[in-house]
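I opened the model to look up a helix end, a core and a pocket. My entries follow.

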Amino acid sequence: MGNEVNKKVEAYLRELFAIYVSKYGKGSHNQPSSFDSSNSSACGLSPNVSKNSLRTKLHMKKQKQYSGSLRVKSELDKYLLEDQEPESGDFDILIWWKVNSPRFHILPQLTRDVLTNSMSR
């Protein structure tokens, strides 16, 4: 049952990503902006970013070394191939995206839209 749900979620994510690629992909005039400090303060990010940033920067370095040897088809594939963050009570997804958004072009916009909609409900 869980595997079936995972497949459906991934299929939906890929469809949604394809829509965002057509809207924000290369050559588009609607380029998404990265998570900036104004977005992070509006989302209530704490100033205690350094601890999470350091962990994320180390993770990024590891992923850069790892993914450099892979032939990744899309930004979404690259994201999905990354290791999961270790479970931690102080993990903040908004901080993760603030630090990691420069590595991606389309996913930050998709994530911002999804998180904004889910937080406003």
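Which residue caps the N-terminal end of α5? I found D92 there, with a side-chain oxygen 2.9 Å from the backbone nitrogen of L94.

Conventions: the model is predicted, so I note that local features need pLDDT of at least 70 and side-chain atom pairs pLDDT 80 or more, while totals for chains, interfaces and linings use all residues. Residues are numbered from 1 along each chain as its sequence is written, and side-chain values use heavy atoms, leaving out hydrogens and water.

Buried means under 20% relative accessible area with a 1.4 Å probe, protein chains only. I listed the buried ones as L94, I95, W96, W97, V99 and N100.

Core: I looked up the largest nonpolar core, which has eleven residues, W96 and W97 among them. Such a core is a set of buried Ala, Val, Leu, Ile, Met, Phe, Trp, Tyr and Cys residues joined through side-chain atoms within 4.5 Å. At least two residues come from each of α1 (2-24), α5 (93-100) and α6 (107-119). The largest share, four residues, is from α1.

Pocket: ten residues line the largest pocket, and Y79, E82, D83, Q84 and E85 lie nearest its centre. A pocket is an open set of points on a 1 Å grid over the protein atoms alone where a 1.4 Å probe fits, with protein on both sides within 12 Å along at least five of seven lines; lining residues have an atom within 4 Å of a point. Both α4 (75-81) and α5 give two or more residues to the lining.

Conventions:
Buried means under 20% relative accessible area, exposed over 50%, partly exposed in between (1.4 Å probe, protein chains only). A polar contact is a pair of N or O atoms within 3.5 Å; within protein, one must be able to donate a hydrogen and the other to accept it, and residues adjacent in sequence count only if both atoms are side-chain atoms.
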